[in-house]
Amino acid sequence: MTAKTESLSREKARSANKKSGGYLFRSGVKRWTISIVRGLLIFGLCFMIIQPMLTRFGSSLMEERDLYDATIVLLPRNVTLDNYRIVFDLTTFPRSMINTAWTSLIVSVLQVIACTLVGYGFARYEFPLKRFWFACVVLMIIIPPQTIATPLYMNFRYFDIAGIIKTFRGEPLNLLSNITPYMLMSATCMGLKDGLYIYMLRQYFKGIPKSLEEAAYVDGCSTLRTFTTIMLPDALPTVLSCFLFSFVWQWTDLFYTRNFLKSMPIYSTELSSILTRMGRYFSADAEKAVIIPPARQQQLVSIGVLICCIPLIILYIFTQRTFVESIAMSGSKE
Amino acid sequence: MSTHRRKKEKRERWGFMESITALLPLNDNYDTMRSRNARTGVLFVLPFILGFLLFMVTPLVQSVIMSLNKVVLVPGEGYQLTWNNFENYKYAMGVDPYFNQYLVDESGRMAINATATLVLSFVIAVILNQKFKGRTMARAIFFLPVILASGVLPGVEKQLDFNMLQGVSDEIAAQSGVNISASLQNLLSISGVGSGVFDVLFDMIDAIYDIVMASGIQIIVFLSGLSAISPSLYEAADVEGCTAWEAFWKITFPMVSPLLLVNAIYTIIDFFMKNDNKVMEWINTQFTRTRYGESTAESWIYFGVALAFIGIASLVISRVVKQYDS
């Protein structure tokens, strides 16, 4: 029965193709070619993005002798978890990761709260020097943090308000011993990539129709209440995606972390100096470093990178939709 | 339309006296709706204004001063500045053996990579905007580099490459003939085709991984522009007998071209601020060697170069976009 209908429909298609003068056949071939080429391209590029992670994972389970065996490329012959233990030791693992997690969380929450308020202010209110301040936001996006790093560092290292602290303590305060200066910077939109978040949020708030707020005002809603009950819920996806960006970038950030969170082990700084510590770890004598073969070095560094990425990838899998879709929405209102 | 807009802007502009009276109580202008709104606005933006003044302007000024002075650390006191007549800038441009070289290298690499990133992300965005099976999955994967190529992650492994692996892997590649573009390059140069243009092209092909890893955000921005184009435009074009190729150049490209500028600027900044950038690394090295004055001078020069690139890019692109605007 089904075979019969299939042959019937095939007959029909053939006659339709004949009637169209071969157009249907040609367009069909074209469609297939396009989708095959597209599939190959997409698959190739996707593979290129994912492949390093897979190789890293494969090599992370190898014993050291597997690394020098030319017949072993991806899958380990002698499976071991010892390498992970070594990397844990090298990066003071559980402690540095926990520190990373809570600092990233605090910093990104502060950043997002501040940026949401500022973004809303820029999107909805007219005030003196508004253009000037917005130009400052743009300036902040394009100025490399390295330019101001040195003076900022000095400021916090030798913190003093007009010589008052020095007269009492005998020396200026060293604020770099805790997280306060960095929290202050995040709460005032001066953290990592804050200009970008302000820009994104302003763009989104600008796209919300003004009549929504006007209706609320007419009904006697206060400014703050309008913001929290009407505007904020509407902008929640964008706010959330800013939070995710900020969290992820803070997690892997090296620059601000290295300068302002010196007092505690943070995973990213530990990871960046893993190579120098490796030599000392493997030598019997704590003073002298031994030379480690490059393949082994690469394996251990890869594991470090893998450990850094895994929590983020898990987070990404669950929030992928928020990430991609809300950027797409804020972008369309350029 | 344009006169109307200009009028509106004029009305919204703030005069000097007006802005002062709006913010200070006990005058006639204080209690108007406009002033009240302005005060609310300033309140919302206050965190940024405070932060900018405290943590941006002060360090910026200090950084300019430091770059013009010899900076010496005094234990327990802070630092001491002595004016040294642009010595830091002279050092950066003339004495420092690496800075100039790295700056030229990275600028060249940036020009090639940024162009390639823009083109590639546009092509990928066009493809991802079409309907096919597994589109959500593909989108998710293409956006993954935003995580995988951020912060320390690219830098750590590059560091390794710089140290010793580079030589080894180059040798292995040369022996086994794995490096496709290299063997193709050899073939072309033997047959006499090889030229500057090809070299640039081969550089791009060799850097394809870096380029894809750097184009996550750009793809999303283009994608957002593409998905905002109404399908009825394409339908109308199709009815009029427009081919897909024509529709691409007459509809897709002009509609998305304003985003080109945003993306170009983002790409340039992103490239200049990456951790695996040699100039960045060098400035950080100078910093850790307590050459504070020199390192700030170098970062100012670096910023100037970045700004120049952004200026050139926006000039060129705004010309292209303007062509489509009219």
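Visitor: At what angle do helix α5 and helix α15 of chain B pack?

Guide: In this predicted model, helix α5 (residues 99–129) and helix α15 (residues 278–288) of chain B pack at an angle of about 155 degrees, and their axes are 8 Å apart. Axes here are lines fitted to C-alpha atoms, for helices over the stretch in contact, with angles from 0 to 180 degrees between N-to-C directions. Helices are DSSP runs of H or I with at least four residues, strands are E runs of at least two, and both are numbered from the N terminus.

Visitor: Which orientation does that make for α5(B) and α15(B)?

Guide: The angle makes α5(B) roughly antiparallel to α15(B); the term applies over 145 degrees, while under 35 is roughly parallel, 65 to 115 roughly perpendicular and the rest oblique.

Visitor: Which residues make the contact?

Guide: From α5(B) they are B:Phe99, B:Tyr102, B:Leu103, B:Asp105 and B:Glu106, and from α15(B) they are B:Lys278, B:Val279 and B:Trp282. Two residues are in contact if their C-beta atoms, placed from the backbone, lie within 7 Å.

Visitor: Before we go on, what are the numbering and confidence conventions?

Guide: Residues are numbered from 1 along each chain as its sequence is written, and chains are lettered from A and ligands numbered from 1 in the order in which they are written. Local features need pLDDT of at least 70, side-chain atom pairs count only at pLDDT 80 or more, and totals for chains, interfaces and linings use all residues.

Visitor: Turning to the contact between the chains, how many residues does each supply?

Guide: Chain B supplies 78 residues and chain A supplies 72. On the side of chain B, the largest share, 21 residues, comes from helix α3 (residues 33–67).

Visitor: Where does helix α14 of chain B bend?

Guide: Helix α14 (residues 244–273) of chain B bends by about 45 degrees at B:Ser257, and B:Pro258 follows within four residues. The bend is the angle between axes fitted to the seven residues ending at a residue and the seven starting there.

Visitor: What about A:Leu129 and A:Lys193: what is the phi of each?

Guide: Neither is a glycine, yet A:Leu129 has a positive phi of about 65 degrees and A:Lys193 one of about 55 degrees. A:Leu129 is in the loop between α5 (93–124) and α6 (130–142) of chain A, whereas A:Lys193 is in the loop between α9 (180–187) and α10 (194–207) of chain A.

Visitor: Is A:Lys193 buried or exposed?

Guide: A:Lys193 counts as buried because it has 20 C-beta neighbours inside 10 Å. A residue is buried with 20 or more other C-beta atoms within 10 Å of its own, exposed with 12 or fewer and partly exposed in between, with C-beta atoms placed from the backbone.
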